[in-house]
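Biologist: I have not looked at this one before. Can you take me through it?
Modeller: Here it is.

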Amino acid sequence: MSKPKVAFYWCASCGGCEEAVVDLAENILKVVEAVDIVFWPVALDFKRKDIEAMPDKSIAVTFINGAIRLSEQEEMVKLLRKKSQLIVAFGSCAHLGGVPGLANFWDRESIFNRAYKTTPSTHNPEGIVPQEKVTVDGKELTLPKFYNTVFRLDQIIDVDYYLPGCAPPPDLVMNAINAILEGKLPPKGTVLSPNKSLCDDCKRNETKPEKLTIKEIKRPHEIMLDPEKCFLAQGVICMGPATRTGCGERCIEANMPCRGCFGPTDQVIDQGAKFLSVLASIIDVNDEKEIEKVMDTIVDPAGTFYRFSLPSSLMRRKRMPSVADNEK
Amino acid sequence: MVKIKINGKETKVEKGTTILKAAEKLDIKIPTLCYHPLLEPYSACRICMVEIKIGKRNELVTACNTVVENGMEIFTDSERALKARKMNIELLMARAPAAEPVKEIAKELGVEKTRFEIKDPNEKCILCGLCVRTCEQVVGAKAISFIERGADRKVSTPFGEPSEDCIGCAACAYFCPTEAITVEDLDKREVIHDEMILGPNSAIRVPIRQAVPMVPFIDEENCIHFKTGNCKLCEKVCEKEAINHDMEDEEIELEVGTIIIATGFKGFDAKKVPAYGYGRFKNVLTALEFERMVNASGPTGGQIRLADGREPESVGIIHCVGSRDENFNEYCSRVCCMYSLKFAHIIKERTNAEVYNFYIDMRAFGKGYEEFYHKLLEEGVHFIRGRVSEISDVALTPEEEGKLIIRVEDTLVGTVRRIPVDMAILSVGLEPNFGSDEITRMFNLSCSQDAFFLEKHPKLAPVSTAADGIFLAGTCQGPKDIPDTVAQAGAAASEALALADKGKFELEPVTAEINEELCSGCQLCIALCPFSAISYNKEKDISEVNEALCKGCGTCVAACPSGAAMQNHFRDEQIIAEIEGILSV
């Protein structure tokens, strides 16, 4: 019997998730022994036509990381969906939209304008921005379409499982691969991490006061962080309560508050809104002006509460006249 | 039992009884000076000399410390005994000529003067040592003793210096038979513990005649036993053996279905208004102190007296002290006008003093109150409309000499007046009682702006609170007079009974619930619950909702960051389905 075929693909991502695969260290050898890697653009030279030539459903599982922001990415994931039995959304960007998803506060034009024209380091006197089609010496060159909106993977194709994290920790990746190899699969749509919030595993949970309230909000660099005390009890925003556990509390161990990369638990629809709701509830100030003062100390609230999940939020993106509803 | 004969009368007494006690039983009086039933006899004064006969032997003994023997015959007034007593009293008369009890006994014995030399005609001490024994045996302080010998013998502290061991209890002076000891507070040891001024008090006492329950309590701060570990005199004299110094305060846990909170008020602290001189001037009293004074069972037996014992010729009653004053409490305390009028009436009734009421507005709103006010107007009480600016003792005219001068703007006349009075009564307002904050937290009550407990609804639920089964009665809810308090207490009691009688309580179905499987124990919901219905279960590491307390407000549900808290009947899925339904039209 031939070994099961496995594919890896990346979309709008930083490449960290590819590192996460390599992070399996010597375990990667066990994986390679057990499977045939048929597609992995970051490491191996395969072409799109190789995939197209494969029979449908011939790949056992494809791990896709990164959000969907270009037409090419959409085409590729749709192709891989066709050729694969299982699709695993790998990492926060594929799972929730991730950091690239924060681009949903703008549209194509404003992003191009910033990236290609107004950043201090740009020298572009002619104001050239990427075009989908351009004719050079009578020959037409094309580029993928840059969408106004960033999508998470399951907004484009059907996804079977989700491996959360920025990037997913090696033990979760290994568990997922083992489960697939052994055929011990959970119900479709499962996020392959425990369905409880980070506080459940956090050692600092014990240090919470009986009634946790916050009078002022601090950023991590503004105070000497107590390495054992609950961040919220120190007035530092920690997304832990609104974030799924399973990450191994790597940030907490490094004395940094949780930023929410594992996304919400199954019950929660909108991670940022949920956290904002709890934060607003525990701020122990009653005067309206004082409340405003406290809230003003949250620098970049959208980036804080939706750092990884803006495309997964109820709003999905900022509403702009240039972007029609449901437009890509 | 021991068979004895006293002055020819046969009697049986218990073994170990002294002659003095045996005689006491037969109502035979033997004079004593240094004897006190609560202390060991000492036989120092030797006034209790009696003649006894055992077998064929006759002898003179002191009755206080001689124990009876079987067949003993005692003659308390025999010639020999009387002769000895007379000699001893003559000696004592020479030693302590100023001691009244010595003079009295001498008179009884028919001794008119002493044949011995009188050293100091003002001496009162008979060197009986009762004070020394009191200090040692009762108080346990051992601060005084005899010093010197022979003719120089006297009672003193070591080297005659103020003793560190003296706790200032004044028990020595109390026990001294000849009033030879006076107590002076030399270094502020607070000898006298006052109960709301008006004189010293006992450390074990019934607070006031009207106290409920009518039982004494031990004031540990001032009780000698709690200072030295000794004394316990009260235990010895209480025949019912009802006093136990070892009892400790207990916390008793009761499981109850309903609770009525009736924690009352505390009076405004008049010292917060230094201009009124409370605490500086002895004749500036607060209303409660005056109330105590005019009480028939109070320290003056209901007589109105100044600190020096005189009857006042003029009294000023100052309304709204600490009330209707933006520096202190803005609210009206509601009861002060009427009790001030009552005071004015009582003063008029019991003395010939002129009475001045200084008021801002006269608030006589209750049943029969306005009539009472009119009655006082007719009684000749002066009413001066204006807030008193200060009470001072600085006299500007001879008439003001030795008086308290009340300075006030008479707003009806439009001039500033100075009114000299002998006594000023401050009609202090009502404030939330001590510990209100703690009770607020414990029962999760709300407070109105004036910090009194807030009722559920001012008109429709005036004795209920936001928490079911918890009711308010009396001044803890706001200043009110006795009729209002009684009415409210009745309402609260019947509300509580109505619940208790049913024995069960129907819960609202719309409550929150925390899913054990999903809860991560982050505890963020606990601080948010306005009804304190959520607690943290450390064993399970989850938060739990007490359904009996939960009002289904949904705060925890909205806030639960992991979505473990769910609102029954209003689950997220239900609400989203509703929204979708609305939007799909």
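Predicted model: local features only at pLDDT ≥ 70, side-chain atom pairs only at ≥ 80, totals over all residues.

Biologist: What is the bridge partner of A:Thr135 in strand 7 of chain A?
Modeller: A:Glu140.

Biologist: And which residue in the turn has a positive phi?
Modeller: A:Asp137, with a phi of about 50°.

Biologist: Zooming out, how many helices and strands are there in chain A?
Modeller: Chain A has eleven helices and nine strands. Of its 328 residues, 38% are buried. Taking the contacts in chain A with a separation of 6 or more, 76% are between residues 24 or more positions apart.

Biologist: Give me one residue to look at. Is A:Leu163 buried or exposed?
Modeller: A:Leu163 is buried, because 27 other C-beta atoms lie within 10 Å and 20 or more are enough to count as buried. A:Leu163 sits in strand 9 of chain A, residues 161-163.

Biologist: What is A:Leu163 in contact with, leaving aside neighbours within four places in sequence?
Modeller: Among them are A:Val88, A:Ala89, A:Phe90 and A:Gly91. The list also includes A:Pro168, A:Leu172, A:Val173, A:Ala176 and A:Leu192.

Biologist: Switching to chain B. What order do the strands of the open sheet have?
Modeller: The order is 16-17-18, three strands with antiparallel pairing. Strand 16 (388-392) and strand 18 (415-421) of chain B are at the edges; each has a single partner strand, so one side of each has no neighbour in the sheet. On average, neighbouring strands here are turned by 20° against each other, direction ignored.

Biologist: How many bridges join strand 16 to strand 17 of chain B?
Modeller: Four, and strand 17 covers residues 404-410. In one of the pairings, B:Val388 has B:Val408 as its bridge partner.

Biologist: Now helices. At what angle do helix 2 and helix 3 of chain B cross?
Modeller: Roughly 145°, and their axes come within 10 Å. The crossing is left-handed. From helix 2 of chain B, the contact uses B:Leu82, B:Arg85, B:Lys86, B:Ile89, B:Leu92 and B:Met93. Helix 3 of chain B brings B:Val102, B:Ile105, B:Ala106 and B:Leu109. By class that is eight nonpolar, no polar and two charged residues.

Biologist: And what about helix 9 and helix 10 of chain B, how do they cross?
Modeller: Their axes also come within 10 Å, and the angle is roughly 35°. Helix 9 of chain B passes helix 10 of chain B in a left-handed crossing. The residues involved include B:Met338, B:Leu341 and B:Ala344 of helix 9 and B:Tyr369, B:Phe372 and B:Tyr373 of helix 10. This contact has seven nonpolar, one polar and two charged residues.

Biologist: Which residues touch the most other members of the largest nonpolar core?
Modeller: That core has 54 residues, and the ones you want are B:Cys48, B:Val50, B:Val102, B:Ile126, B:Cys131 and B:Cys135. Elements that each supply at least two residues include strand 1, helix 2 and helix 3 of chain B. Helix 4 of chain B gives the most, six residues.

Biologist: What about a second core, which residues does it include?
Modeller: It is separate and has 51 residues, among them A:Trp10, A:Ala67, A:Phe90 and A:Cys247.

Biologist: Last topic. How many residues of chain B are in contact with chain A?
Modeller: 17 residues of chain B, which meet 22 residues of chain A. On the chain B side, helix 13 (524-528) and helix 14 (555-559) are the elements that give two or more residues. Helix 13 of chain B gives the most, with four. The chain B side has ten nonpolar, six polar and one charged residues.

Key:
Residues numbered from 1 in each chain as written. Chains lettered and ligands numbered in written order. Contact = placed C-beta atoms within 7 Å. Nonpolar A, V, L, I, M, F, W, Y, C, P; charged D, E, K, R; others polar. Pairing = 2+ DSSP bridges. Axes fitted to C-alpha atoms, helices over the stretch in contact; angles between N-to-C directions. Buried ≥ 20, exposed ≤ 12 C-beta atoms within 10 Å, placed from the backbone. Left-handed = near helix turned anticlockwise from the far one by under 90°. Core = buried A, V, L, I, M, F, W, Y, C linked by C-beta atoms within 7 Å.
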